[in-house]
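User: I would like to go through some of the labels used for this protein model. For each one, please set the value against the cut-off.

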Amino acid sequence: VEAVHLIADGKAPRIPQPKEGATYEGIQKKENAEISWDQPAAALHNWIRGHDKVPGAWTTIDGQVVTFYGSSLLDASVPAGQELAIKGASKPGLVTKNGLVIFGNDGKMVLVRNLQFEDGKMIPASKYFSADETTALELTEVEKKMAEDIR
């Protein structure tokens with residue numbers, strides 16, 4: 001009750017919190033979330049996971065910023081996949097049917113499931129090399145007639 005009265009009267013003591021031992025981290029900025037490739041796989045996974053969803057851990061691939069989302073440690077043999085050169089990485093990544101496999105400096109692997117490009121487009125990492133492919137829609141004769149009727 002005494003504390004409430006001191007606050008109400010504007011006489012409560014104000015003691016600034018010491019910075020030592022403080023655990024609050026400020027808002028993370030995108031420029032501070034770049035992936036440093038000279039780390040073991042567990043550290044890469046923790047970095048990606050720690051920045052998932054905001055601001056997103058990123059790197060440069062083919063001259064553009066690509067953000068990684070949805071990582072997990074991969075404890076298996078090296079899967080088959082198409083190599084992908086990643087700026088700063090000592091070993092190229094592999095685009096596999098399950099996602100993008102990246103390697104730590106300890107030779108262990110991390111699987112990344114989703115990638116986001118600078119324009120905001122997000123794709124499954126397994127579709128990296130087919131992301132630019134577009135298929136033309138081919139209509140049957142019945143569908144063509146229906147399209148004409150709708151027009």
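User: Why is Lys-144 called partly exposed?

Analyst: This is a predicted model. Lys-144 has a relative accessible area of 41%. Buried means under 20% and exposed means over 50%, with partly exposed in between. The value of 41% falls between those limits, so Lys-144 is partly exposed.

User: What makes the pair Glu-141 and Lys-144 a salt bridge?

Analyst: The side chains of Glu-141 and Lys-144 meet at 3.6 Å, N to O. The cut-off is a side-chain nitrogen of Lys or Arg within 4 Å of a carboxyl oxygen of Asp or Glu, so 3.6 Å qualifies. Both residues lie in helix H3, three residues apart, about one turn of the helix. Side chains of opposite charge can pair when their charged atoms come close.

User: Is Glu-141 buried or exposed, and how do you know that?

Analyst: Glu-141 has 60% relative accessibility. Exposed means over 50%, so Glu-141 counts as exposed.

User: How many salt bridges does a search of the whole structure find?

Analyst: The search finds three. Besides Glu-141 with Lys-144, there is one between the side chains of Lys-145 and Asp-149, at 3.2 Å, N to O. Lys-145 and Asp-149 are four residues apart in helix H3, about one helical turn. Lys-145, at 53%, is exposed, and so is Asp-149, at 54%. Arg-151 forms a salt bridge with Glu-148, with the closest N and O atoms 2.7 Å apart.

User: Why do Arg-151 and Glu-148 get separate labels for accessibility?

Analyst: Arg-151 is at 76% relative accessibility and counts as exposed, because the limit is over 50%. Glu-148 has a relative accessible area of 49%, so Glu-148 is partly exposed.

User: Which residues make the nonpolar surface patch?

Analyst: Val-142, Met-146 and Ile-150 make a nonpolar patch of about 350 Å². Ile-150 is found in helix H3, which runs over residues 141-150.

User: What makes Phe-68 a buried residue?

Analyst: Phe-68 has 0% relative accessibility, and buried means under 20%, so Phe-68 counts as buried. Phe-68 is placed in strand S2. Leaving aside neighbours within four places in sequence, Phe-68 is in contact with a list of residues including Ile-35, Trp-37, Ile-48, Leu-100 and Asn-114. Phe-68 and Asn-114 are 46 residues apart in sequence, yet 6.1 Å apart in space, C-alpha to C-alpha.

User: How do you know that the buried residues of helix H2 are on the same side?

Analyst: The buried residues of helix H2, which covers residues 41-50, are Ala-41, Leu-44, His-45 and Ile-48. They cover an arc of only 100° around the axis, so they are on the same side of H2. The buried residues of H2 pack against strands S1, S2, S5 and S6.

User: Where does Ser-77 lie, and why is Ser-77 called exposed?

Analyst: Ser-77 is in the loop between S2 and strand S3. Its relative accessible area is 62%, which is over 50%, so Ser-77 is exposed. Ser-77 and Lys-108 are 31 residues apart in sequence and 9.6 Å apart in space, C-alpha to C-alpha.

Technical notes
Residues numbered from 1 in each chain as written. Predicted model: local features only at pLDDT ≥ 70, side-chain atom pairs only at ≥ 80, totals over all residues. Heavy atoms only, no water. Patch = residues over 30% accessible without salt bridge, like charges linked within 9 Å, V, L, I, M, F, W, Y side chains within 5 Å. Areas by Shrake-Rupley, 256 points an atom, 1.4 Å probe, with all protein chains shown as cover. Helix = DSSP H or I, 4+ residues; strand = E, 2+ residues; numbered from the N terminus. Buried < 20%, exposed > 50% of the residue type's maximum accessible area, 1.4 Å probe, protein only. Arc of directions from axis to C-beta. Contact = heavy atoms within 4.5 Å.
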